[in-house]
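Student: I would like to learn how to read ring contacts and strand pairing. Could we go through them together?

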Amino acid sequence: QVQPVESGGGSVQAGGSLRLSCVASGYAFRTSCMGWFRQVPGKEREGVAVIDSSGNTDYAASVKGRFTISRDNGKNTLYLQMNSLQPEDTAMFYCAAMESCPSWVPVRLNPDYYKFWGQGTQVTVSP
């Protein structure tokens, strides 16, 4: 079992950067499929980026080239480096985990398949 706790959210101007962190307690972190998701009020939660236990990554088209997901298994920590932030990136960001990554990318980025969730950290980008 993995229990994620996010940090690092905040307010920035467009074009700025933030790095989110997610510390996940539990022995299963290094074998878990880990993902970042985001949600704005009134909309469905969407997948942003995912990383498997081998370090392979996938991104939503809207963030590819601007966001980078990484993990440090020694620290049980997941990261999301966000550059060139835009107002449309404003959302609550969540860290989530499941036991192993499916091979099909659309499933990897589908929040319905993730079992363990953090409480979220707010990211606000002003024009």
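Tutor: Gladly! A charge sits over a ring if NZ of Lys or CZ of Arg is within 6 Å of the ring centre and within 35 degrees of the ring normal. Here, arginine 45 lies over the face of tryptophan 117, 4.6 Å from the ring centre. Likewise, the charged end of arginine 71 is over the ring of phenylalanine 29, at 4.8 Å from its centre. This is a predicted model, where local features need pLDDT of at least 70, side-chain atom pairs count only at pLDDT 80 or more, and totals for chains, interfaces and linings use all residues. Residues are numbered from 1 along each chain as its sequence is written, and side-chain values use heavy atoms, leaving out hydrogens and water.

Student: How many aromatic pairs does the structure hold?

Tutor: Rings of Phe, Tyr and Trp (its six-membered ring) pair if their centres lie within 6.5 Å; planes under 30 degrees apart are stacked, over 60 edge-to-face, the rest tilted. The structure holds four such pairs. One of them, phenylalanine 37 with tryptophan 117, is tilted, with 5.0 Å between centres and 55 degrees between planes.

Student: Which strands does that pair tie together?

Tutor: Strands are DSSP runs (E, at least two residues), numbered from the N terminus. Phenylalanine 37 lies in β4 (residues 33-39) and tryptophan 117 in β10 (residues 116-117), so the pair links parts 80 residues apart in sequence.

Student: And which strand pairs with β1?

Tutor: Two strands pair if DSSP finds at least two bridges between them. β1 and β3 (residues 18-25) pair in the antiparallel sense over five bridges; in β3, serine 25 is the bridge partner of glutamine 3.

Technical notes
Helix = DSSP H or I, 4+ residues; strand = E, 2+ residues; numbered from the N terminus.
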